[in-house]
Amino acid sequence: MNLSLSRPWAPLACALQGRGQDEGALRGSWVPGANLGSESFAMKQKLILFLSLWAACHGSFAAEPAPHILFVMADDMGWGQTGYRGHPVLRTPNLDAMAASGLRFERFYAGGPVCSPTRASVLTGRSHDRAGVLSHGYALRLQEKTIAQALRGAGYVTGHFGKWHLNGHKGPGAPIFADDPRNPGAFGFDEWVSVSNFYDVDPLMSRQGRFEEFKGDSSEIAVAETVKFLEKHRAGGRPMFALVWFGTPHSPFKALEPDKAPFGGLTAASANHHGELAAMDRSIGTLRNKLRDLGIARNTLLVFCSDNGGLPEIEPDTVGGLRGNKGSVFEGGIRVPGIIEWPAVIQPRVTRYPACVMDLFPTVADILGLPDRVMLKPVDGRSLRPLFARELGERRQPIGFRYQNKRALVDDRYKLLTDNLARGQFQLYDLIADPRESRDLSIDLPEVASRMRKQLLDWNGSVDASFAGKDYPEGRVTPPDPASVFWFETPAYQPWLEQWKDRWEYRSYIERALGQTKPTARKRAAQ
């Protein structure tokens with residue numbers, strides 16, 4: 001038996017932790033008929049003491065089953081785009097229900113302000129730059145260690161469903177080849193129905209290299225494939241791990257007519273955008289209901305978040321009044337919705353403890369007692385397991401962000417950032433008193449600014465070393481990082497362009513690749 005799966009994880013709050021019990025507290029224990037003066041009784045007493053302590057901590061002598069684990073992620077959904085945050089037009093009853101029955105984070109952060117970087121951070125527990133994923137369309141390094149690899153090694157069956165965007169390809173989502181060296185299977189996923197980037201209505205996807213056309217809303221398709229995965233493996237006795245990565249509400253915005261109808265008073269782009277979110281919320285309801293139908297909801301760790309902040313061109317405001325949007329290291333670009341639901345363990349509440357996607361891998365490793373070697377060091381996240389049982393004090397490990405020339409460091413209260421590291425000018429904000437980052441405190445609080453500037457520069461230097469390959473056993477990056485390219489310009493996809501040229505999501509891109517781009521289409525393709 002795999003020891004990591006038989007390791008009891010519950011209850012998380014050990015009955016004896018922090019209470020000061022020790023061997024002396026139970027020294028008066030007595031077993032009827034025993035010779036209290038005998039050496040054998042002393043040994044028995046020690047054994048009883050040990051078993052009593054163990055049972056108090058773990059509730060029983062039977063090992064609890066390892067939890068099923070599902071990570072669900074939206075694409076370009078802003079912090080303000082949920083019903084529970086009081087959005088003026090969007091209703092999200094299923095996310096609201098999940099938030100009401102789980103741990104809802106007021107300060108949950110993506111790995112970076114754009115998509116591929118956050119996906120790399122979810123998989124590795126590390127800043128995306130350490131893993132070579134500098135921006136969207138960059139490839140994840142094969143030398144990285146992922147949560148899927150760790151869980152598969154611990155006996156889990158693993159699946160990926162939806163957007164991948166870690167194989168070095170830009171452009172609208174295309175089905176991924178079976179021999180793509182950076183497909184989901186290369187990073188620990190047993191099964192995958194995936195697409196290279198964003199995907200919308202009636203997508204073309206890849207089932208482990210076999211191309212398939214689907215009909216319907218993209219979020220519902222991703223959840224339907226996830227449900228098939230759960231149903232297939234439910235009876236097998238192995239715990240299940242799945243990533244469900246939506247393409248919603250990323251552009252180009254295209255919702256089903258019934259979903260966008262309630263938003264008729266908005267611009268066409270905004271109506272489709274919110275229609276996609278309504279369908280995504282419905283799919284989350286489908287997933288949660290299926291977990292209950294399968295009898296596994298209670299012992300399933302279900303996480304929901306977005307990959308970066310909201311978009312600026314959508315109305316109403318997508319970021320809940322925060323400053324900045326996607327692409328920015330201000331709060332609006334990196335703070336996202338965050339919910340963790342685990343009915344067997346988590347008492348529902350709202351927490352203001354700062355957390356991030358880099359925390360997810362360390363949290364799972366802590367829950368399962370996985371060996372330290374499953375994660376490549378340094379790790380930028382920390383385990384949130386103690387937070388499941390109680391509120392914590394200040395976050396001791398700051399959260400760092402890098403994107404292009406931008407840098408930011410978030411600790412429990414303060415945030416230091418710069419839009420251009422080379423210029424050496426930093427801004428300091430109190431995120432508790434001023435979450436909208438309207439007042440720069442760098443002059444008012446010079447000691448805080450100086451301390452955090454040193455922390456940021458030290459962390460940044462560490463990330464530079466990681467990017468250079470110093471974390472790997474070889475001491476260098478191998479194989480070298482591939483260039484980030486548009487998939488329709490690569491030789492592998494050329495045979496498919498003629499067949500796909502009339503698909504609505506590919507048309508303008510393939511026209512460009514074939515040299516047939518009209519001026520209006522060229523403008524669309526450049527976006």
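The legends below describe close-up views of a predicted model.

Residues are numbered from 1 along each chain as its sequence is written. Local features need pLDDT of at least 70 and side-chain atom pairs pLDDT 80 or more, while totals for chains, interfaces and linings use all residues; side-chain values use heavy atoms, without hydrogens and water.

**View 1. The protein chain as a whole.** The protein chain holds 15 helices and 17 strands, taken as DSSP runs numbered from the N terminus (helices H or I, at least four residues; strands E, at least two). Of its 527 residues, 56% are buried, that is, under 20% relative accessible area with a 1.4 Å probe and protein chains only. Contacts are heavy atoms within 4.5 Å; among those between residues at least 6 apart in sequence, 69% join residues at least 24 apart.

**View 2. Helix 8, residues 268-293.** The end C-alpha atoms of helix 8 are 37 Å apart, which agrees with the 38 Å that its 26 residues should span at 1.5 Å a residue. The expected span is 1.5 Å times one less than the number of residues. Helix 8 is mostly covered, with 19 of its 26 residues buried.

**View 3. The surroundings of Gly137.** Gly137 lies in the loop between helix 4 (115-124) and helix 5 (147-153). Its relative accessible area is 0%, so Gly137 is buried. Residues up to four places away in sequence aside, Gly137 touches Ser116, His165, Gly168, His169, Lys170 and Ser484. Gly171 is 34 residues from Gly137 in sequence, and their C-alpha atoms are 8.2 Å apart.

**View 4. The nonpolar cores.** A nonpolar core is a set of buried Ala, Val, Leu, Ile, Met, Phe, Trp, Tyr and Cys residues joined through side-chain atoms within 4.5 Å. The largest has 66 residues, of which Phe71, Leu123, Leu151, Phe241, Leu301 and Phe388 touch the most other members. Helix 10 (residues 360-368) gives the largest share of this core, six residues. A second, separate core of 39 residues includes Leu70, Phe246, Phe263 and Leu287.

**View 5. Contacts of Leu301.** Beyond its neighbours within four places in sequence, Leu301 is in contact with residues including His68, Ile69, Leu70, Trp342, Val364 and Phe388. Ile340, Glu341 and Ile367 are also among the contacts of Leu301.

Terms used: Buried means under 20% relative accessible area, exposed over 50%, partly exposed in between (1.4 Å probe, protein chains only).
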